Amino acid sequence: MQRNDNMRTLEEVQATVEIAKLQEDDLQTTIHCLTFGENVLSADYCLMELDDTLCKHIEAGESLVIRGDKDEKAVLCTGDKTYDLKMADTSNLLLLVPDCKTPDQLSGSKDSPHLVQTQIWGFCSSYWELRKQRPRMKKLKQLLMENPYEGPSLRGQEDPESLYTMLDLLERIQASEQELLAQLETIHACRVDGYWRMLDFDYEMKLLGHVTQLVDSESWSFSKVPMETCLEELGPLEPREMIEHWLNCFGKRYTENERVFYALDEDKVCRATALLLLQNAVKFNLREFQEVWQQSVPEGMGTRLDQLRGYALVDRGSGPDTICLLRVEDLSEDTVERFNQLFTLREKWTEADITPYIQDLCGEKQTTAALLTKFARSSTQNGVKVFNSRRPVAT
């Protein structure tokens, strides 16, 4: 490599080839003579390794966005995926050379050797590696719960500093736009006056009570709740858009004879009722809880413990069986910290008990069994396979 004021000639290159004892016939006839541009510094450019999917994404004119607050590790997002950014060092110096042709791009002709003067624009000894990862969503609920929607009486009186538009959330949440929208739907968020809001839990349960009482009084089937009649009857009590939002969260919309109906989701209604019962109890006697739970749900709906997978934990150890609130969304998003939290709560877990609390940690083509093999040790207790921590649990 030479500076601009000292470019090599073809004769000099051929002499160097001879000194290096290389066979000229084994080399490409096109010879790049590399020279440094003016004021080239290693900090001028950052290199990033992209797979074919991301290359096509860029070539199609789409953008890539790096997201993260100052105290967070940066991630890179497309419109629908999130990638972890990791710096990788290389022992070879990487040169940034625009318009430099690789051997497979050169013609296979046997022309006489000729020089191409090529200028180096930058150089690096490291580059960014990308690895697809789960979006980091824990902060989303934290932000939206700063100012939950409690009903129309306070509408317009909230501090706008604690309200968030989609653009605000994209600035703060480490996820792609599609992943963010999917999570907003999962946590039952809705748009109110242009801001994304989460319903206060008590207000959501109030709406549940209104709808289920109406269904009971009208003797409707839970699988066929007429939307328009529901909105007309409950409109004087709550905003129509909130009633419809609740129906969308807890039911499946369908059309029959040009009328819109909802089939209420039994599991979602029963789960919400269970969370209401458990939210203020440290532990609940399991048998008593199941009795109260069944009495609390709308008549005709059936409660089952599997409806609470990832939301509540049953303890069948010494003494009477108990149940307590344990929501997977309240646990750490970091895999090591998640296992530490779980083994702090309980020394040994059955696979059935722990699976709902680690499923969301699985990456692409990864299974909960693989996670348990890596982060837990198995043994048999009373004929049942159980898992405990591989390392001392930090308390």
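Me: In which helix is Glu-179 found?

Reply: Glu-179 is found in helix H5; helices (H or I, at least four residues) and strands (E, at least two) are DSSP runs, numbered from the N terminus. The model is predicted, local features need pLDDT of at least 70, side-chain atom pairs count only at pLDDT 80 or more, and totals for chains, interfaces and linings use all residues. Residues are numbered from 1 along each chain as its sequence is written, and side-chain values use heavy atoms, with hydrogens and water left out.

Me: Why does Glu-179 count as buried?

Reply: Its relative accessibility is 14%, and buried means under 20% relative accessible area, exposed over 50%, partly exposed in between (1.4 Å probe, protein chains only). Glu-179 therefore counts as buried.

Me: What does Glu-179 touch beyond its neighbours within four places in sequence?

Reply: Glu-179 is in contact (heavy atoms within 4.5 Å) with Asp-80, Lys-81, Thr-82, Pro-135 and Met-137.

Me: What makes the pairing of the Glu-179 and Ser-176 side chains a polar contact?

Reply: The two side chains are joined at 2.9 Å. A polar contact is a pair of N or O atoms within 3.5 Å; within protein, one must be able to donate a hydrogen and the other to accept it, and residues adjacent in sequence count only if both atoms are side-chain atoms.

Me: Is Asn-257 buried or exposed, and how do you know?

Reply: Asn-257 has 71% relative accessibility, so it counts as exposed. Asn-257 lies in the loop between strand E11 (251-256) and strand E12 (259-264), and has a positive phi of about 50° although it is not a glycine.

Me: Why are H6 and H7 called roughly perpendicular?

Reply: The axes of helix H6 (residues 201-218) and helix H7 (residues 227-234) cross at roughly 115° and come within 11 Å. Angles under 35 degrees count as roughly parallel, over 145 as roughly antiparallel, 65 to 115 as roughly perpendicular and the rest as oblique. H6 and H7 are therefore roughly perpendicular to each other. His-210, Val-211 and Leu-214 in H6 meet Cys-230, Glu-233 and Leu-234 in H7.

Me: Why are H9 and H10 called oblique?

Reply: Helix H9 (residues 266-278) and helix H10 (residues 286-296) pack at an angle of about 125°, with their axes 10 Å apart. H9 and H10 are therefore oblique to each other. The contact is made by Cys-270, Thr-273, Ala-274, Leu-277 and Leu-278 of H9 and Phe-289, Val-292, Trp-293 and Ser-296 of H10.

Me: What caps the N-terminal end of H11?

Reply: Asp-334 does, with a side-chain oxygen 3.3 Å from the backbone nitrogen of Val-336. In H11 (residues 335-345), the buried residues are Thr-335, Arg-338, Phe-339, Asn-340, Leu-342 and Phe-343.

Me: What do the buried residues of H11 pack against?

Reply: Their partners include helix H13 (368-375), strand E17 (376-381) and strand E18 (384-389).

Me: How do you know that Ser-332 is buried?

Reply: Ser-332 has a relative accessible area of 15%, so it is buried. Ser-332 lies in the loop between strand E15 (322-325) and H11. Not counting residues up to four places away in sequence, Ser-332 touches Glu-337, Arg-338 and Gln-341.

Terms used. Axes fitted to C-alpha atoms, helices over the stretch in contact; angles between N-to-C directions.
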